[in-house]
Structure formats: structure tokens, C-alpha cells
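I set out below what I looked up in this model, entry by entry.

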There are 2 protein chains.
Amino acid sequence: MVSEKMLALGESRSVIRDISEFGDARRQEIGAENVFDFSIGNPSVPAPERVGETLRRLLDSVDSITLHSYTPAPGLMKARMAAARQESLRAGFDIPAGSIYLTCGAAASLAISLRALVCPGDKIALLAPYFPEYKVFVENAGAEAVVVPPADLSMQPDLAEFKKAVESGIKAVIVNSPNNPSGAVLSAETLEAMADILRAESVKKGESIYVIADEPYRELVYDGAEVPFVPSIYPDTIVCYSYSKSLSLPGERLGYIMVPPCVNESGKVFAAVCGAGRSLGYLCAPSLFQYMLAECADERPDIAAYAKNRALLYGALTETGFECVKPDGAFYLFVKAPAGVSGAEFCEAAKRFELLLVPSDSFGVEGYARVAYCVSEDTIRRSLPAFKKLAELYSL
Amino acid sequence: MVSEKMLALGESRSVIRDISEFGDARRQEIGAENVFDFSIGNPSVPAPERVGETLRRLLDSVDSITLHSYTPAPGLMKARMAAARQESLRAGFDIPAGSIYLTCGAAASLAISLRALVCPGDKIALLAPYFPEYKVFVENAGAEAVVVPPADLSMQPDLAEFKKAVESGIKAVIVNSPNNPSGAVLSAETLEAMADILRAESVKKGESIYVIADEPYRELVYDGAEVPFVPSIYPDTIVCYSYSKSLSLPGERLGYIMVPPCVNESGKVFAAVCGAGRSLGYLCAPSLFQYMLAECADERPDIAAYAKNRALLYGALTETGFECVKPDGAFYLFVKAPAGVSGAEFCEAAKRFELLLVPSDSFGVEGYARVAYCVSEDTIRRSLPAFKKLAELYSL
């Protein structure tokens, strides 16, 4: 019969999808305006105007054969140059276009990077809380996930635990900053401490340990928070990126892998990325969107809308008595369940007030709920009395 | 270090790319009009008018958030319905939309299907000549390829050899009709004989053996050739499809996997396909193109242009004395090298007359050259004297 592993993966219910279907049923029963659905991380602001304008102009002015042809596997040179320019600005030094391999989005970037690096028996460290699909990609690549817990409400990793994981023999660690589900940004201080641990172990083993920096939310930061350029802190860093959030194009599947020249034997790592893309059936990123990217890589959506939602929700919830992770980035608020209450119980209780939140156990930590605030400001305002009732339930 | 397998795959030179780069150099040296480049299978006719019109209308009329959102993993229901309608027309009975899983193109369809089916130690049969990436996908899924040679110039498989392969214990066989690189179409008679062999062995083993029908060229057929609907001949058939050729959109990465209800435990097979897609990092097919598909699935490019090229080239080459596979479909002509000459030697000799052809050994057979006639009619006309000189070289 079919592969048991793939069958199990295909049949396993996603918690987020379950909540979203529950939401559909409630919307039918009591009306959409009475359901406060914070379950899905789909951008709620449109793509920048110039994206649509550029797509229309390309369709009007470029001949069909050119516009829709296969591109080289790593992408059109001018699209790779646009991505490299973005990275160069962050780095403060020149990143060559040859470092960029365009992909069909962040999930592809991660699946390909892991496949490129992993040898049989390898371990990959994940920092909890982490995006659930990381585990799927790690296992598909033939590796084993080692989970490092957070130190505290800051959601920086517990460094003693991280050291233990690194010394247990890992090939790479995936960092995701700003973080889904917590909104936390890893500080330069945290990254430097992690780099020291990784460097010491690399030297001891005599081989590279990689950081895979998954950064789809890096432009969505608030109050001047800074997302460090990780390769400057730890050279053996491969960056995975997606335009899903920064251009509000999640369905179009466009992202990249960057293997900067500072990576040890970067040419070999880049070649392995190309090989992994081939083996997973990726031919090229969608060509129309590559042409768009060449012109629009620096565009940003209306981040102010997210910033407003965040201030409103974080202010109201902390005032009501909830403990929350300080959401420096992304569009998630990670709310601590009251003492003695599990994340799942907390989210069940929230449902009584038509608040749809995601329990944190699927993200590898206990005792939190994720609130995706990429919704309308109006939804947030109207949800506040419900959060208040939830607080009262626990006598906060 | 990185995965040795992926590194080797990333570093291995593609024969087709080598020829194409040689072509670039020659074009610089002697002018593009003097190089007859038949190396690449990129559609040479534009996408149907309605495709561009629909894309422009969608960008004008549908709000950005809806148009560019994540879709469900198997695709938008109305796009799946459009694909199912196409299949129903071919089948002559109703194929439900729930049988369709949209993908990022044919390579993704194959990589996902194989990943869904393969268990450790499985064998997959390939019918030579075959598209070289099949081997990559088979090996990535953890299976071993078993190659079945063609019977003769008809490029139908040698049935005795096929029977041997099936009896050696295979999980599935990939059939590709119309075929890249030969243009041959598998006849209903061939498919029925193959089905008999597969059925007998399935019964003996007590489990399904699958046909994976890779059909990106099925609408590109000539002189009334018919491409049978394979599931009607052999029920345990999974169809892999791509719109790269039928809508001339190779760079946009849009295709599907169909698991028809006649497949044994089709629900489980479909679930395994969903699991395999997840594990390989596929989230959904590009959303703008899914909306387009809902309206344009039945459109076709100007196949008459390919038909004209085919008639011209096949006529001229056979008249000159070359033996060719009868090209019932696709846009390739498979030319036999003269007796005692290898495919590689033949293609080297052709280069002297600025004819760029692909030797057949990369397709798993010896002694042929692939001529991709998806070029302008003018290129074909102007190339004929060069083919004549090539024939004279071998005193044909």
C-alpha cells in the first residue's frame, strides 16, 4: 500500500484547521460579526499598489512566451539581484546575486535547505515555540528534531538547554525571528551567546554547524525593534525568506534561500541547495512573480495597520490582567494561560465568548494561546469585552 | 558537511544545459540566425489570448487579499472543478473535484506522487526512453528505478521485459504518453497488454501496483492520434498533469495529481498525496493562476504551429534517409543515428552543421537524438540543408 508516514501526515488533523472549521460553523449559527476569529495567520492588508500595477503592466507589455517561460532554477538574474540588494542593505556590505536561490515560498525554502544539509542520523535543533511544520520538514529530510525550551516570557531560548542540544551533536538549528507564534524577536545578545556555543562546538567537531534563519516576518517589527542580520553574528547562516508577509502574497509562493559568501564552502552549500530543489521537484519560482519581484522587492504593505492592532490588543489585554509575550514583531500575540490552566483549556474557555485562539502545545510549549491579530481593527475593538469576560472567568 | 547526494545532484551538469550554453557561444560567434538550436522543450507558441485577458481582469476586479491568499492545500474548489471537468470529458464519466490535488507543475506532481506511494525498498519501473528527472524523483523518494527498454522504433515497451520488471516486484510504473523525448503515444493495445501483466501480478501479491501516468503533452497530438484515458484501462492509475504545455505556461508552475475513485482505497491514496505535498514543502499552487484556471482550463494554444513544424521536419528527414520514430504527439522528433554510430557521436557530428540536438543516452536508450521542434517554422526551413549535409556525411 501507500507510504504509512505520508498517509498519517495527510490524515492528521491540523489544530488550526479544526478551530477554523469550528469558526465557520459558529459564523453560520450566530453571524460572522459575533465570532472573533484569531486563528489564522493570513495577511489582512492588501499587497502594495505597485505590485498589482507591475503585474498588469508586465501582462500588457511583455510577450507571453518570455513572461511565462521556465527560468533558470535559481531564478531570473534580475529578480535574484533585487533580493540580493535587499540583503545587502540589511548586511551593510555587498551580497552577490549568486547567493540567492528563489523558491516557491518559505515552506519550500526550509524543506530544500534541510534536504541540502541533512545526512542520515543528523539532528536539527528547534527553538520552542516553533512553527509546527518545522518538525515535518526535519523528519522528511531524514533528521531528528531536538527541542530547546524558552528561558522565560521573553521567549529567548534557554541557553543552558541550547548548549546541551548543541553538544548532543546537531547539524543545524532553525531560528525564526520575529517568531510565529510568539511575536518575539531574538536579540543580538541572544544570537551572540548562541553563536559562541555553536562556534565552540564547531571547532571541537571540526565541522560546520549551521543556523537556518527563517525570516518571513523580519520587516513586520514595531516600536523600532531591530532584527539582526544573523550571518554577521554567525557566518555559517543560511537565510530562508518569503514574500508572503512583506508583499502580502502568501498564495503566490515566492521566497528565497540565501547562502551568503561567509558560509564555509558556500559554493558547495549552494550546489547542495540546487540539488535538493531538483530532488524535491522544484523547477523554478513562478515566472510572472519573479518579473514582478525584480521591480517591487523593496515595497512594503501597510504595516501601520498591524502596529495599530498590536498596540490596541496588547494594551487592553495586559490592562485586563493577562500576561503576554512582548510582541516586537510578526502579527501574533502570545498570551499566557492563568496559573494551573493548560493552553488547551484556556482556548476552550475562550470559545465560550466566541474568541477563537490557538493553544500553544502544537508549537512545542505548554500554557499559552496564540492570538493572530492580522484582522480588522474593528474586530479587535469588538472582541475586547469578550477578552474581559474571559479574564473575569479566571478572576484576573 | 552537506548531503553528498544533494551536492552531487546540484553539481551534475545537465547535458541539455551544456548544449544550450554551447548554443549561446555559437550564436555570439556566428549570429543567432545561423545556429539551429533544437535542444530545449520550451513551448514556442504563446499562451491562449484568454489566459492573459483573464489574468488582467482578475487583477483589476478581485481584491488583493482574496486573490493572493493561501488556498486550501489541494487547491481552490472552483479550480479543482475545472480540472475535474476536463478529466470527466476524457473519461466519459464523472470525475469528482475531490479527486484533484493542484500542484506547482508536473515535476511537483511526480515528486509528490512517488513520495506518497513509496515504502522503503520499493522499485519503480520506467519505460525507456524516459525524462531524465524521473530517476531523480524515484531515488529521492527512496526507491530504485527498474528500466524497461522499448520493443522497436514504435517506442512501445518490450512487453516481455516489462513482465520481468513487474514480476521482480514493483510498486508502480511511470508511463509518459505522448512521450518526451520520442513523441510516441502508447496505444490502447499496449496499455491493455501492460494492464493484464500488472493485474496478474497484483492478484498474485494481493496488493495494488500503480500506474503513474505523466501526461503534460496529452493535448499535443497530431493526425487524429488518440491518447487513451488510462484509468479506464487500468483502474489503479494516478494521473500527473501540468498546464506548462497545454496553456503554454511552463514557468508558472501549475499542474495537478488526479486520484480517480476507481483507484483501490482512493481516499487513502489521496490522503497520502496530501501528506507527501506537506512533507515536501508544498503549500498550494500559485493562487492567481488557480483563479485563472477556473476559467481557462479548456483553452488550448495554437497547436497547428507544432503540427506544421512536425510535418515539415518529419517529412524532410525521412525523405533525406533518416529513420525517425513516428511523432504522434508532444513536440519532439526522435531520430535514429546511422548504424554503428552512438547518439552522442551523431549529435557531435550534427554540431559541425550548427544543428544542436540532444543525445539519447540521458533518456535511457542508445543510438538516437532528440530534436525539439518547438521553434519557429523559419528555423526549421532554414535548418533543412544542414540536416541534408549531416545525412551526406553518413552517405544516407
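**Entry 1. Sheet of chain B.** I began with strand β6 (residues 210–214) and strand β7 (residues 237–242) of chain B, which pair in the parallel sense over four bridges. I took strands as DSSP runs of E with at least two residues and helices as runs of H or I with at least four residues, numbered from the N terminus. Two strands pair if DSSP finds at least two bridges between them. B:Val211 has B:Thr237 of β7(B) as its bridge partner.

**Entry 2. Basis of the model.** I note that this is a predicted model, in which local features need pLDDT of at least 70 and side-chain atom pairs count only at pLDDT 80 or more, while totals for chains, interfaces and linings use all residues. Residues are numbered from 1 along each chain as its sequence is written, and chains are lettered from A and ligands numbered from 1 in the order in which they are written.

**Entry 3. Strand β7 of chain A.** I asked how many residues of β7(A) are buried. Six of its six residues are, where buried means that 20 or more other C-beta atoms, placed from the backbone, lie within 10 Å of the residue's own. In a regular strand the side chains alternate between the two faces of the sheet. In β7(A), A:Thr237, A:Val239 and A:Tyr241 lie on one side and A:Ile238, A:Cys240 and A:Ser242 on the other, and all are buried.

I recorded two pairings for β7(A). With strand β6 (residues 210–214) of chain A the sense is parallel, over four bridges, and A:Ala213 is bridged to A:Val239. With β8(A) the sense is antiparallel, also over four bridges, and A:Cys240 is bridged to A:Ile257.

**Entry 4. Helix α12.** In chain A, α12 (residues 266–279) has 14 residues and reaches 20 Å from its first C-alpha to its last, close to the 20 Å expected at 1.5 Å a residue; the expected span is 1.5 Å times one less than the number of residues. I found 11 of the 14 residues of α12(A) buried, so the helix is largely enclosed by the rest of the structure. Among them are A:Val269, A:Phe270 and A:Arg278.

The buried residues of α12(A) pack against β2 (100–103), α6 (106–117), β7 (237–242) and β8 (255–258) of chain A, together with α1 (4–11) and α7 (133–140) of chain B. Contact here requires C-beta atoms, placed from the backbone, within 7 Å. Just after α12(A), A:Gly281 takes a positive phi of about 85°.

**Entry 5. Contact between the chains.** I counted 63 residues from chain B and 63 residues from chain A in this contact. On the chain B side, α12(B) gives the largest share, 10 residues. The residues of that side divide into 37 nonpolar, 17 polar and nine charged; Ala, Val, Leu, Ile, Met, Phe, Trp, Tyr, Cys and Pro count as nonpolar, Asp, Glu, Lys and Arg as charged, and the others, Gly among them, as polar.

**Entry 6. Domains of chain A.** I used domain 1 (4–47 + 301–393) and domain 2 (69–296) of chain A, with bounds from an automatic or database domain assignment. Their centres, taken over C-alpha atoms, are 26 Å apart. The contact takes 28 residues from domain 1 and 30 residues from domain 2.

**Entry 7. Backbone geometry.** Most residues other than glycine have a negative phi, and most peptide bonds are trans. I looked up which residues depart from this.

- A cis peptide bond joins A:Ala128 and A:Pro129, with omega about -5°; A:Pro129 is in the loop between β3 (123–127) and α7 (133–140) of chain A.
- A cis peptide bond also joins B:Ala128 and B:Pro129, with omega about -5°.
- A:Met155 is not a glycine, yet has a positive phi of about 60°; A:Met155 is buried, with 25 other C-beta atoms within 10 Å.
- A:Ala330 has a positive phi near 60°, and A:Ala330 counts as buried with 30 C-beta neighbours inside 10 Å.

Key: A residue is buried if 20 or more other C-beta atoms lie within 10 Å of its own, exposed if 12 or fewer, and partly exposed in between; C-beta atoms are placed from the backbone. Two residues are in contact if their C-beta atoms, placed from the backbone, lie within 7 Å.
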